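Hello,

Here is the structure I promised to pass on to you. Please open it alongside this message, and my notes on what turned up follow just below.

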Amino acid sequence: MPADPAPPPPRDAPRADAAPPDLGAAFDWLDAAHNARLHAGLRRTLRPRSASCELLDLASNDYLGLARHPLVTRAAAQAAHRWGAGSTGSRLVTGSTELHATLEAELAAFCGFEAALVLSSGYAANLAAVTALTGPGTLVVSDAQNHASLIDGCRLSRAGKAVVAHADPAAVDAALSAHGGRALTVTDAVFSVDGDAAPLPALAAACRRHGAGLLVDDAHGLGVLGDGGRGTLAAAGLAGAPDTVATVTLSKSLGSQGGAVLGPARVIDHLVNTARTFIFDTGLAPAAAGAALAALRLLRREPERAARTREVAAALHHRLTAAGLAAVRPDAAVVAVRAPSPDAAVRWAADCRAAGLLVGCFRPPSVPDGVSRVRLTARADLTDTQLRAAVRILTGTAPRG
Ligand code: PMP
């Protein structure tokens with residue numbers, strides 16, 4: 001039988017010798033944005049930490065020094081062996097283990113709330129809490145310096161928004177008064193950039209005058225503020241109040257990963273049923289839940305870690321100010337030091353790194369006021385010798401003028 005003739009090429013098929021289409025052209029527009037960042041000195045790049053070159057760390061959020069504590073890392077490994085590397089599904093399907101339930105119960109009890117719900121990050125916890133507790137026709141009142149995750153929660157919520165001046169209870173009162181209907185005020189407890197604390201009692205009073213709920217992100221307060229590190233809300237006498245909800249991260253003082261919402265049981269039940277970043281997200285990995293639970297238990301046994309972190313922050317601030325640097329007085333573990341320009345902040349952080357000290361560098365667009373900073377975090381496990389070395393490097397490399 002004769003072979004079938006080859007089918008004719010489709011009429012508009014490219015000729016074999018034609019130049020291939022430039023598929024990269026779809027993203028050519030990125031080059032202008034890249035060049036603009038480069039010229040403004042604002043380009044960010046990743047710098048992986050090396051396991052073999054240990055720098056003195058004043059940049060991480062490991063406030064209590066628990067991320068590498070043997071009891072915490074062992075608990076992570078044991079949880080992975082017992083429950084698997086991943087949680088295998090949404091919390092509502094297969095992703096809830098007894099470990100998650102124990103962590104929720106102990107976290108709620110420690111911080112003084114009726115119930116808790118663990119999510120895969122603090123970011124997801126904030127999106128969950130804001131979107132589940134607001135919506136079209138309600139008002140969300142948000143501090144101008146709130147963390148990006150609260151801001152994104154407000155954007156996703158489709159609620160009316162009032163962004164009010166930083167740490168200004170009178171502005172919150174006025175916004176709630178002008179609205180008159182159902183409302184939620186959202187604020188960081190400790191602000192990430194300057195490390196200053198929100199005026200929680202006055203904010204709560206303003207909310208109560210108008211029957212509004214209060215949502216406080218205690219990412220930087222848990223483990224550092226309050227009796228034994230029970231958090232900023234416990235310190236302010238607001239933990240467990242029926243009109244108050246808190247979010248926390250498990251990734252800072254607890255040295256792990258994940259986040260949680262803490263509040264009245266009916267709020268937590270509502271989140272389980274409606275919060276999209278809870279329902280449509282895979283449950284927190286068992287290793288992260290196990291590590292966070294071990295860290296929480298350690299903190300309960302060693303409450304002095306919280307006070308030590310605050311002492312280290314105060315000592316850092318005192319020594320840097322005495323050396324003439326523009327350090328902001330810290331309310332928790334974060335100590336911000338202002339730099340004259342983004343370039344100066346980047347150079348300062350790079351010079352510190354070259355001298356063996358790891359510090360954070362915050363600059364636009366991550367700072368609310370356009371002022372660049374070198375950002376330091378106090379850790380409970382920093383020795384006095386390390387503290388002195390850090391201050392020596394910071395002052396020796398500080399921008400002049
Ligand atoms: N809120 C604040 C105030 C934070 O600083 C952070 C972490 N940068 C988050 C929320 C997000 O927490 P996570 O890293 O667990 O997503």
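**What I found**

In UniProt, an unreviewed entry lists residues 55-393 as "domain: Aminotransferase class I/classII large". Please keep in mind that this is a predicted model.

**The chain as a whole**

The chain has 14 helices and 11 strands. Along the principal axes, its C-alpha atoms fill a box of roughly 90 × 55 × 50 Å. There are 401 residues, and 47% of them count as buried. Among contacts with a separation of 6 or more, 72% are between residues 24 or more positions apart.

**Two domains**

The chain is divided into domain 1, made of 56-67 + 303-397, and domain 2, which covers 70-301. Their C-alpha centres lie 26 Å apart. Domain 1 gives 23 residues to the contact and domain 2 gives 25 residues. On the side of domain 1 that touches domain 2, H12 and E9 each supply at least two residues. The largest share of that side, four residues, comes from H12.

**A look at helix H12**

Since H12 came up at the contact, here is some detail on it. Helix H12 covers residues 304-322, 19 residues in total, and reaches 27 Å from its first C-alpha to its last, close to the 27 Å expected at 1.5 Å a residue. Which residues of H12 are buried? They are Arg305, Ala306, Arg308, Thr309, Val312, Ala313, Leu316, His317 and Leu320. These buried residues pack against helix H11 (286-301), strand E9 (334-338), strand E11 (373-377) and helix H14 (384-397). After H12 comes Gly324, with a positive phi near 90°.

**Around the ligand**

The ligand is surrounded by 14 residues, and the closest are Ser121, Gly122, Tyr123, Ala219 and Thr249. Helix H4 (residues 122-133) provides the largest share of this shell, three residues. By class, the shell around the ligand has two nonpolar, 10 polar and two charged residues.

**Some backbone details**

Most residues other than glycine have a negative phi, and most peptide bonds are trans. A few spots in this model depart from that pattern.

- Thr88 is not a glycine, yet its phi is positive, near 75°. Thr88 sits in the loop between helix H2 (70-83) and helix H3 (98-111). Thr88 counts as partly exposed because it has 15 other C-beta atoms within 10 Å.
- Arg158 also has a positive phi, about 60°, without being a glycine. Its place is in the loop between helix H5 (148-157) and strand E4 (160-164). Arg158 has 14 C-beta neighbours inside 10 Å, so it counts as partly exposed.
- Pro364 and Pro365 are joined by a cis peptide bond, with omega about 5°. Pro365 belongs to the loop between strand E10 (357-362) and E11.

Is Gly195 buried or exposed? Gly195 counts as buried because it has 25 C-beta neighbours inside 10 Å, where 20 or more is the cut-off. Gly195 lies in the loop between strand E5 (183-188) and helix H7 (200-209). Leaving aside residues up to four places away in sequence, Gly195 touches Val190, Val328, Pro330, Asp331, Ala332, Val334, Val335 and Ala336. Gly195 and His220 are 25 residues apart along the chain, and their C-alpha atoms are separated by 8.3 Å.

Pro48 is found in the loop between helix H1 (30-39) and strand E1 (56-58). Why does Pro48 count as exposed? The reason is that it has 5 other C-beta atoms within 10 Å, and a residue with 12 or fewer is exposed. Pro48 and Asp343 are 295 residues apart in sequence, and their C-alpha atoms are 21 Å apart in space.

Happy to go through any of this with you.

Best wishes

Conventions: Residues numbered from 1 in each chain as written. Predicted model: local features only at pLDDT ≥ 70, side-chain atom pairs only at ≥ 80, totals over all residues. UniProt positions renumbered as here; feature names shortened; annotations may be inferred. Near = placed C-beta within 6 Å. Nonpolar A, V, L, I, M, F, W, Y, C, P; charged D, E, K, R; others polar. Expected span 1.5 Å × (residues − 1). Contact = placed C-beta atoms within 7 Å. Domains from an automatic or database assignment.
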